[in-house]
Amino acid sequence: MKCKNFDPFDHFIQSIIRFSLDAETGWVTLRASLDYELMRRFTLTVLARDGGGEETTGRIRVNVLDVNDNAPLFQKEAYVGSLRENEQAVQSVARIRATDEDSPPNNFLTYTITSASAFPDYFSIIMVEGYAVISVIRPLDYEQVPKGMIYLTVMAKDGGKPARNSTVPVTVEVIDENDNPPKFSKPSYIVKIPENIIAGEITTTALLDRELKSEYILIVRAVDGGVGPQQKTGIATVNITILDINDNAPMWRDEPYHANVVEMSPINTDVISVLAVDPDNWENGTVVYSISPENPFYTINSSTGKIRTSGVTLDRESSNPRDAVLMRTIIISAVDRGTPPLRASASTTVFVNLLDLNDNDPTFINLPFVADVPEGLPMGSSVFKVQVEDPDEDKNGLITMALQVGMPRLDFHLNTSTGILTSTAILDREQIGQYHLRIIAYDAGKFPRTTTSTLTITVLDVNDETPTFNPRVYNVSLKESVPRDHIVARLSCSDNDAGLNAELSYFITGGNQDGKFSVGFRDGIVRTVVGLDRETQAAYTLVVEAIGVS
């Protein structure tokens, strides 16, 4: 019930709000609803005045009667109590109290337990000193109570007609006593778990690794919370087998890989075996090998990792840059057969050293061998340099050169290592105008390979020869009656030089003072220029000179 101090001003305001007076009839009427719990009594002062101005006052006392318009109200929204299991004596669990602002008998309250989550017959409720006390009248067994908690609903009902009620939840916690020893469901356990399990009824303290330990035998002892002699234990054996998962990728062994292979090796020639290990079991630990990217020169056994030649020609001297790389480097990848499959973190590389085979002939590189040499050079002059190569290695590529033995005349010497050809005699074009030298190149391999070629040396002419008339003296008889331009003689003159050096020009240098004769500048034909008169001059002696053009 609400308690409120009397406030005259508030009383006055409440009276004005809730009551009105008819000035003519004097009836007092209610303007607003009244609340017993807020104000139980009103005192109204009424003023009456007549037409002469006389007035008087009177008081009206209004008592407010209570009706049951308030439900009981619990002091708490919920109550919690506790008790120990197995207690024989009656135990108080909770003290509950509710209030009702109505007046008697509307505010007389009764309490009942309307529901219980378990063991409803074990609880009672009685009034003690204005409180509803909930008690347990029989011993409770913690192990029989779900999760050790019982949930009650208590109702408070007032005495009004009709009655009003309210409910409140009460939670009762049953406190466990150490009255049961630990008991395993089986005396021993056999468990198979994945190696990377992180939790369980038997909890792992770290990630399990089957590759380090595949089986555990645990002796498990369960101890309850009892003290001293009251403490109880139970024992069980747990056999744990760790199951494999694919948690290991293949790892390469014996890196780096180097192999020696003779070039031109036939198909299926063994190169090398690579090895990657995977500590997982069965398919998870089975490694599959492959060449990646593909290499046309080699094959690999996907199970054993053995690498062999594919049959495509291995040519150490190949000029193809891509083939040269593929012949010397094999990139291998490894992956296991697990699900999902795991691949080695990096591929491995096999470095192949191609061993040389003497499979290449020496090759002349400045063909055709043609040289033009002026005659008359001093002995020891460089005439030509023969250039030759052999892509083979070491002795297989070491080249020696020579001039073919048995040639009728050797006016030259060839340096067998440098290939420089020098003259061993003064060359005379008029003696030998052209040489054809047979040059041999051979390597130093166990079974030498040779190459031959012909060097043609043309001896160039130098103007070192004097023109010669044949015969040196010409005797000619003429009739004096021969006409002008008559051919007197055809001079024959030769020059052993060649080309322009052998071209001659003819001049009459003596005996032709009166100009009766001429000679062809190029053809050497002597002709008459004018008619001849024997009686004037019966004989002429002409001197003709032949001169080279250059």
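Between which two strands does the loop that holds Asp 278 lie? Asp 278 sits in the loop that joins β20 (275–277) to β21 (287–291).

1. Basis. This is a predicted model, in which local features need pLDDT of at least 70, side-chain atom pairs count only at pLDDT 80 or more, and totals for chains, interfaces and linings use all residues. Residues are numbered from 1 along each chain as its sequence is written, and side-chain values use heavy atoms, with hydrogens and water left out. Helices (H or I, at least four residues) and strands (E, at least two) are DSSP runs, numbered from the N terminus.

2. Asp 278. Asp 278 counts as buried because its relative accessibility is 10%; buried means under 20% relative accessible area, with a 1.4 Å probe and protein chains only. A polar atom of the Asp 278 side chain lies 3.0 Å from the backbone nitrogen of Asp 280. Contact means heavy atoms within 4.5 Å. Neighbours within four places in sequence aside, Asp 278 is in contact with residues including Asn 246, Asn 248, Pro 250 and Asp 336.

3. Helix α2. Within α2 (residues 321–328), the buried residues are Ala 324, Leu 326 and Met 327. Their cover includes β22 (298–300), β24 (329–336) and β25 (348–355). At the start of α2, the backbone nitrogen of Arg 322 has a side-chain oxygen of Asn 320 within 2.9 Å.

4. A three-stranded sheet. Strands β19, β23 and β22 form an open sheet in the order β19-β23-β22, and their pairing is antiparallel. Here β19 (270–273) and β22 are the edge strands, each pairing on one side only. From one strand to the next the twist averages 25 degrees; axes are lines fitted to C-alpha atoms, and angles run from 0 to 180 degrees between N-to-C directions. Two strands pair if DSSP finds at least two bridges between them. Three bridges join β19 to β23 (residues 306–309) in the antiparallel sense, and Ile 272 stands opposite Ile 307 in β23.

5. The largest pocket. Its volume is about 840 Å³. A pocket is an open set of points on a 1 Å grid where a 1.4 Å probe fits, with protein on both sides within 12 Å along at least five of seven lines, and lining residues have an atom within 4 Å of a point. The volume is the space filled by probe spheres set on the points. Of the 31 lining residues, the closest to the centre are Tyr 474, Val 476, Tyr 540, Thr 541 and Leu 542. Strands β35 (468–469), β36 (487–490) and β41 (543–548) each supply at least two lining residues, and the largest share, four residues, comes from β41.

Methods:
Buried means under 20% relative accessible area, exposed over 50%, partly exposed in between (1.4 Å probe, protein chains only). A polar contact is a pair of N or O atoms within 3.5 Å; within protein, one must be able to donate a hydrogen and the other to accept it, and residues adjacent in sequence count only if both atoms are side-chain atoms.
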